Amino acid sequence: ERLYGKKFTVGIGRAYDTHPNIPHSYLEALSALRFKVVKGQGEIIFVDEVPVNPQTILNYSLDMEKQLINQLKTSDIDESRKSLDRILTSNLGKESSSPELIQQLFRALVGTAVRTIYEIGATMEEVLGSDSSVYADTDNSSTLEEKRRVLISVFEAIQRYIQDRTENQ
């Protein structure tokens, strides 16, 4: 980390007695490494720390989505952030979340933001710019905090657009 200014995440599989089982250890290490989005960047993750039956069902109801959309439409950024944090907290327990669940949740949240954009009569290009790739940005973010920041920036862009349009009218 000192030398290259980067944080490395390490996945570690089980130790096996015979060399034909080395590939199993490697696959376990890769499986453990997928959980860096849960544990964070710069961690050492042992395969035994990875939950066997992680949470697989989202707690993101239609009511939660409607509430978030209404907060975005009314340009209430503080309440939007609080709602986002409540949704994340209710879905992402440190030990019970899988990378797949995290990806599903953030894709659902991005979908909510995109629906909000279309509900206010705008396009993605008008609100986020022509080079925006919000789905790719969240997918490519390696930590929960980075994914959260991408969503917050989208929320802020929606609210800026609404405020600008209101002022112009």
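In this predicted model, Arg-14 pairs with Glu-28 in a salt bridge whose closest N and O atoms are 2.9 Å apart. Arg-14 belongs to the loop between strand S1 (10–12) and helix H1 (22–33), whereas Glu-28 is part of helix H1, so the pair ties together parts that are 14 residues apart in sequence. The two partners can also be described by their accessibility: Arg-14 is partly exposed, with a relative accessible area of 38%, while Glu-28 is buried, at 13%. Side chains of opposite charge can pair when their charged atoms come close.

The whole structure holds ten salt bridges. Another of them joins the side chains of Lys-82 and Glu-79, with a distance of 3.5 Å from N to O. Both residues lie in helix H4, three residues apart, which is about one turn of the helix. Lys-82 has a relative accessible area of 45% and is partly exposed; Glu-79, at 27%, also counts as partly exposed.

Helix H8 contains a further pair. Arg-149 and Glu-145 form a salt bridge in which the closest N and O atoms are 3.8 Å apart, and the two residues are separated by four positions within H8, about one turn of the helix. Glu-145 is partly exposed, with a relative accessible area of 40%. Through shared partners, salt bridges join Asp-85, Glu-145, Arg-148 and Arg-149 into one network.

Helix H8 (residues 144–168) also packs with helix H5 (residues 99–119): their axes come within 10 Å and cross at roughly 5°. Because angles under 35 degrees count as roughly parallel, H5 is roughly parallel to H8. Residues of H5 that take part in the contact include Phe-106, Leu-109 and Val-110, and those of H8 include Lys-147, Arg-148 and Leu-151. By class, the contact comprises eleven nonpolar, one polar and two charged residues.

Apart from its neighbours within four places in sequence, Thr-138 is in contact with Val-110, Lys-147 and Val-150. Thr-138 is located in helix H7 (residues 134–140) and is buried, with 1% relative accessibility. A polar atom of the Thr-138 side chain lies 2.9 Å from the backbone oxygen of Tyr-135.

A last point concerns the backbone. Most residues other than glycine have a negative phi. Ser-75 is not a glycine, yet its phi is positive, at about 60°. Ser-75 occurs in the loop between helix H3 (62–73) and helix H4 (77–91), and with a relative accessible area of 19% it is buried, since the cut-off for this class is under 20%.

How values were computed
Residues are numbered from 1 along each chain as its sequence is written. This is a predicted model: local features need pLDDT of at least 70, side-chain atom pairs count only at pLDDT 80 or more; totals for chains, interfaces and linings use all residues. Side-chain values use heavy atoms; hydrogens and water are left out. Axes are lines fitted to C-alpha atoms, for helices over the stretch in contact, and angles run from 0 to 180 degrees between N-to-C directions. Angles under 35 degrees count as roughly parallel, over 145 as roughly antiparallel, 65 to 115 as roughly perpendicular and the rest as oblique. Contact means heavy atoms within 4.5 Å. Ala, Val, Leu, Ile, Met, Phe, Trp, Tyr, Cys and Pro count as nonpolar, Asp, Glu, Lys and Arg as charged, and the others, Gly among them, as polar. Buried means under 20% relative accessible area, exposed over 50%, partly exposed in between (1.4 Å probe, protein chains only). A polar contact is a pair of N or O atoms within 3.5 Å; within protein, one must be able to donate a hydrogen and the other to accept it, and residues adjacent in sequence count only if both atoms are side-chain atoms. A salt bridge is a side-chain nitrogen of Lys or Arg within 4 Å of a carboxyl oxygen of Asp or Glu.
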